[in-house]
Amino acid sequence: MNLDKIERDLIHEVKLEPIEAKIFLLVTTKGKMSADRIASELGLDSNTALQAAKKLVSLGGFIDMSETEFEAMHPRFTAVNMYRKMCARENIEFKKNLIVDNIGVALEVHYERARTK
């Protein structure tokens with residue numbers, strides 16, 4: 001599964017905004033980073049990156065290490081966690097979603113590689 005497909009699945013299945021999906025994938029695949037670095041990597045202004053990263057904390061995608069530094073949790077847990085929270089927000093019954101499960105599986109190797117260098 002390539003990262004473009006994962007990004008589309010995050011937008012369609014988990015209902016992330018496109019910028020949130022990009023930021024989630026960046027931090028998951030590259031490791032902990034500041035809002036300024038996120039902005040630089042994606043060509044965003046710092047405030048946009050900071051607000052989107054903070055929203056990902058509330059959506060269950062990130063943990064905040066400080067006011068401006070963010071880290072993703074293990075993607076198998078995080079993908080399902082974000083999906084569960086989306087179901088609660090949208091008043092949709094939470095049930096197994098193979099697309100969401102596959103997001104976590106596909107990102108696992110990238111996540112581990114970024115944290116064991």
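The largest nonpolar core of this predicted model has 32 residues, and those with the most contacts inside it are Leu10, Leu16, Phe24, Ile38 and Phe62. At least two residues of this core come from each of the following elements: helix H1 (3-13), helix H2 (18-30), helix H3 (35-42), helix H4 (46-58), strand S3 (69-72), helix H5 (75-90) and helix H6 (98-115). The most is given by H2, with six residues. In general terms, nonpolar side chains tend to be buried together in soluble globular proteins.

Leaving aside residues up to four places away in sequence, Leu10 touches Lys15, Leu16, Ala21, Phe24, Leu25, Met82 and Ile103.

| Helix | Residues | Span, first to last C-alpha | Expected span at 1.5 Å a residue |
|---|---|---|---|
| H2 | 13 residues | 18 Å | 18 Å |
| H5 | 16 residues | 22 Å | 22 Å |

The span of H2 is close to the expected value, and the span of H5 is likewise close to its own.

In H2, the buried residues are Glu20, Ala21, Ile23, Phe24, Leu25, Leu26, Val27, Thr28 and Thr29. After H2 comes Gly31, which has a positive phi, near 105°.

The buried residues of H5 are Pro75, Thr78, Ala79, Asn81, Met82, Tyr83, Met86 and Cys87. Their cover includes H1, H2, H4 and H6. One of these buried residues, Met82, is also among the residues that Leu10 touches. H5 is followed by Asn91, and the phi of Asn91 is positive, near 55°.

**The pairing of H3 and H4**

The axes of H3 and H4 come within 8 Å of each other and cross at roughly 115°. H3 is therefore roughly perpendicular to H4. The crossing in which H3 passes H4 is right-handed.

**Ser58**

Ser58 lies in helix H4. Its relative accessible area is 48%, so Ser58 counts as partly exposed, the cut-off for exposed being over 50%. Ser58 and Ile99 stand 41 residues apart in sequence, and their C-alpha atoms are 22 Å apart in space.

Technical notes
Residues numbered from 1 in each chain as written. Predicted model: local features only at pLDDT ≥ 70, side-chain atom pairs only at ≥ 80, totals over all residues. Heavy atoms only, no water. Core = buried A, V, L, I, M, F, W, Y, C linked by side-chain atoms within 4.5 Å. Buried < 20%, exposed > 50% of the residue type's maximum accessible area, 1.4 Å probe, protein only. Helix = DSSP H or I, 4+ residues; strand = E, 2+ residues; numbered from the N terminus. Contact = heavy atoms within 4.5 Å. Expected span 1.5 Å × (residues − 1). Axes fitted to C-alpha atoms, helices over the stretch in contact; angles between N-to-C directions. Parallel < 35°, antiparallel > 145°, perpendicular 65-115°, else oblique. Left-handed = near helix turned anticlockwise from the far one by under 90°.
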